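The following exercises are to be worked through with the sequence and the model at hand. Each task is followed by a solution in steps.

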Amino acid sequence: MAESEQAASEVPREVSLDKVDRDIIAELTRDGRMSVTQVAENVHISRAHAYSRIARLTGEGVLTKFTAVVDPVKAGLKSSAYVTLKVQQHSWRTLREQLRAIPEVQHIALVGGSFDVILLVRATDNVHLRRVIFDQLQSMPGVIDTQTFLVFEDVDTR
């Protein structure tokens, strides 16, 4: 398969969503532990209909996981930074998997602009954060340059 064909095959296909689907997504985004019965009641559909919709949304990859939102400071992660990476061309796929293996990297995005990748990195303190950036990120094959932006305060809007 040519590289352009492979890249195109990695682009997720869009799933057609109606108002009920969007309402279910909104309810589960607000509270991922909400029961199917409660979702059905809030969206004004039957429990069986809610169950089948949630199963379809999960099966089609719209809903990818149900998770808890953690306050990083209360969880002991007192130091956070956005780290941008400039990377060598064609190194993204390998680099992405290496970045996913670093527990302190909580979000990865391939972007366009003056850098190629932006990461949200959370650590217990600045010494720990420094080790992740200098010892792990900067030493990765394919990483040309990094820039670090310390987070002084962040607000999760979910």
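**Exercise 1. In which strand does Ser-79 lie? Determine its burial and its contacts.**

The model is predicted, so local features need pLDDT of at least 70 and side-chain atom pairs count only at pLDDT 80 or more, whereas totals for chains, interfaces and linings use all residues. Residues are numbered from 1 along each chain as its sequence is written, and side-chain values use heavy atoms, with hydrogens and water left out.

Step 1. Ser-79 lies in strand β1, residues 79-87. Strands (E, at least two residues) and helices (H or I, at least four) are DSSP runs numbered from the N terminus.

Step 2. Ser-79 has 5% relative accessibility and therefore counts as buried. The classes are buried (under 20% relative accessible area), exposed (over 50%) and partly exposed (in between), with a 1.4 Å probe and protein chains only.

Step 3. The side chain of Ser-79 makes a polar contact with the side chain of Asn-126 at 2.5 Å. A polar contact is a pair of N or O atoms within 3.5 Å; within protein, one must be able to donate a hydrogen and the other to accept it, and residues adjacent in sequence count only if both atoms are side-chain atoms.

Step 4. With neighbours within four places in sequence left aside, the residues in contact with Ser-79 (heavy atoms within 4.5 Å) include Val-121, Thr-124 and Leu-129.

**Exercise 2. Which residues of α4 are buried? Describe the two sides of this helix.**

Step 1. Ala-50, Arg-53, Ile-54 and Leu-57 are the buried residues of α4. They lie on the same side of α4 because they cover an arc of only 100° around the axis. The arc is taken over the directions from the helix axis to the C-beta atoms.

Step 2. An α-helix has 3.6 residues a turn, so residues three or four places apart point the same way.

Step 3. Ala-48, Tyr-51 and Gly-59 are exposed on the other side of α4. The cover over the buried residues of α4 includes α2 (19-30) and α3 (36-43).

Step 4. Just after α4, Gly-61 takes a positive phi of about 85°.

**Exercise 3. Which residues are buried in α2? Repeat the analysis for this helix.**

Step 1. Asp-21, Ile-24, Glu-27 and Leu-28 are buried in α2. Their arc of only 125° around the axis puts them on the same side of α2.

Step 2. Lys-19, Arg-22 and Arg-30 are exposed on the other side of α2, while the buried residues of α2 pack against α3 and α4.

Step 3. The N-terminal end of α2 is capped by Asp-18, a side-chain oxygen of which lies 3.2 Å from the backbone nitrogen of Val-20.

**Exercise 4. Which residues do salt bridges with shared partners join into one network?**

Step 1. A salt bridge is a side-chain nitrogen of Lys or Arg within 4 Å of a carboxyl oxygen of Asp or Glu. By this rule there are 8 salt bridges.

Step 2. Arg-53 forms a salt bridge with Asp-18, with the closest N and O atoms 2.7 Å apart. Arg-53 lies in helix α4 and Asp-18 in the loop between α1 (3-10) and α2, so this pair ties together parts that are 35 residues apart in sequence.

Step 3. Arg-53 also meets Asp-21 in a salt bridge (2.8 Å, N to O). Asp-21 belongs to helix α2 and Arg-53 to helix α4, so the parts tied together are 32 residues apart in sequence.

Step 4. Arg-53 is buried at 14% relative accessibility, as is Asp-21 at 1%, whereas Asp-18 is partly exposed at 34%.

Step 5. The side chains of Glu-60 and Arg-56 meet in a salt bridge (3.1 Å, N to O). The network formed through shared partners joins Asp-18, Asp-21, Arg-53, Arg-56 and Glu-60.
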